[in-house]
Amino acid sequence: MTTQDQYNINFFKPLTEHAKGNKKLISSLAIIWAVAVFGFHFLLIFVTTPTAEQTLDEFNSVWPQVVEDTSAATEMKQTFAKSMLAVLGKNIAVKDNHKSVLKESLSWIVFDMQPDSIKPLFTKEVNDETIIQAAATIGLKAEGFDKIMKDLLPTSLTKVENPTLNAESISSLPPIMKLYLTHNQSFLTDFNFLGFPFHYWYTAQFLLILFVVLCLIYAISIDKLNTKFEIVEET
């Protein structure tokens, strides 16, 4: 080793046995961390399967009858309206162009359920009377999940300008519902640990704990390495 090499410290090209041991230790811990982070994500992708929410099943049970048959049962139309509200309730997760389709569909089905004497109310700007009438028509109660849906009505209903649902909305509605009401699930997402879904607990807490543990392992291991090569700290 030349005199110049003695002062040339490079983590990636270690020259001494101590430096090589340090590089091996850090590389090993980095690999453990990478496997824990990315390995789990790949495992999630590998084992999950698309699973439909109950709301999607309910929507599919009345689609497309509600748009093809104006005499469809009121209960079917109410189910259709509630499924629109369920997706609109996801709010920031829903794209603006999808919200437009959902709002138009909701407003149309509520309009369609009205007697002829009430229908003009829904061709005007939405007001308190419209909201009350719509909530009663859909069958929303004042408690539970129904109340949440009822609170969504002021921002979900729009003025009805066409007594029929346009063809573009009819064709785009099923894929929109499938997009927001289908989720990847597996035993890793369904299993709860410490009160949280396991995949959430793993990424939110376990990986942080693992990082601290790896730092502790490094501190203990490097102390042993220093002792082995008789490297002492000057005071």
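**Entry 1: aromatic rings**

Which residues do ring pairs link into a cluster? I looked this up in what is a predicted model, and the cluster consists of Phe40, Phe191, Phe193, Phe198, Trp201, Tyr202 and Phe206. Searching the whole structure for aromatic pairs gave me 15.

I wrote down the geometry for two of the pairs. Trp33 and Phe38 are edge-to-face, with 90° between the planes and 6.3 Å centre to centre. Trp33 is partly exposed at 38% relative accessible area, and Phe38 is also partly exposed, at 47%. Phe196 and Tyr200 make a tilted pair instead, 5.4 Å centre to centre and 35° between the planes.

One ring has a charge over it: the charged end of Lys119 sits over the ring of Phe111, 5.2 Å from the ring centre.

**Entry 2: salt bridges**

How many salt bridges does a search of the whole structure find? I got six. Side chains of opposite charge can pair when their charged atoms come close.

I took Lys90 and Glu53 to begin with. Their side chains meet in a salt bridge at 3.2 Å, N to O. The two residues are 37 apart and belong to distant parts of the chain: Lys90 is in the loop between helix 5 (74-88) and helix 6 (96-112), while Glu53 is in the loop between strand 1 (49-52) and helix 3 (54-62). I have Lys90 down as partly exposed, with a relative accessible area of 27%. Glu53 is partly exposed too, at 23%.

Next I checked Asp112 and Lys77, whose side chains form a salt bridge at 2.6 Å, N to O. Asp112 lies in helix 6 and Lys77 in helix 5, so this bridge ties together parts 35 residues apart in sequence. Are these two buried or exposed? Asp112 counts as buried at 16% relative accessibility, and Lys77 counts as buried at 6%. Both calls hold because each value is under the 20% cut-off.

Then I went to Glu125 and Lys159. The closest N and O atoms of this salt bridge are 3.5 Å apart. This pair also links distant parts of the chain, 34 residues apart: Glu125 sits in the loop between helix 6 and helix 7 (128-138), and Lys159 sits in the loop between helix 8 (144-156) and helix 9 (167-180). Glu125 is exposed, with a relative accessible area of 57%, whereas Lys159 is partly exposed at 33%.

**Entry 3: helix 6 against helix 8**

At what angle do the axes of helix 6 and helix 8 cross? I noted roughly 105°, with the axes coming within 11 Å. Helix 6 is therefore roughly perpendicular to helix 8. For the contacts, I listed Lys103, Leu106 and Ser107 on the helix 6 side, meeting Leu153, Thr155 and Ser156 in helix 8.

Most residues other than glycine have a negative phi, and most peptide bonds are trans. I went looking for exceptions.

Which residues does a cis peptide bond join? I found one between Trp63 and Pro64, with omega at about 5°. Pro64 is in the loop between helix 3 and helix 4 (65-68).

Asn91 is not a glycine, yet its phi is positive, about 45°. Asn91 is in the loop between helix 5 and helix 6, and that loop also holds Lys90 from the salt bridge with Glu53. Asn91 is partly exposed, with a relative accessible area of 41%.

Leu194 is the other entry here, with a positive phi near 55°. I placed Leu194 in the loop between strand 3 (192-193) and strand 4 (196-197). Is Leu194 buried or exposed? Leu194 counts as exposed, at 60% relative accessibility, because that value is over the 50% cut-off.

Notes:
Residues are numbered from 1 along each chain as its sequence is written. This is a predicted model: local features need pLDDT of at least 70, side-chain atom pairs count only at pLDDT 80 or more; totals for chains, interfaces and linings use all residues. Side-chain values use heavy atoms; hydrogens and water are left out. A salt bridge is a side-chain nitrogen of Lys or Arg within 4 Å of a carboxyl oxygen of Asp or Glu. Helices (H or I, at least four residues) and strands (E, at least two) are DSSP runs, numbered from the N terminus. Buried means under 20% relative accessible area, exposed over 50%, partly exposed in between (1.4 Å probe, protein chains only). Rings of Phe, Tyr and Trp (its six-membered ring) pair if their centres lie within 6.5 Å; planes under 30 degrees apart count as stacked, over 60 as edge-to-face and the rest as tilted. A charge sits over a ring if NZ of Lys or CZ of Arg is within 6 Å of the ring centre and within 35 degrees of the ring normal. Axes are lines fitted to C-alpha atoms, for helices over the stretch in contact, and angles run from 0 to 180 degrees between N-to-C directions. Angles under 35 degrees count as roughly parallel, over 145 as roughly antiparallel, 65 to 115 as roughly perpendicular and the rest as oblique. Contact means heavy atoms within 4.5 Å.
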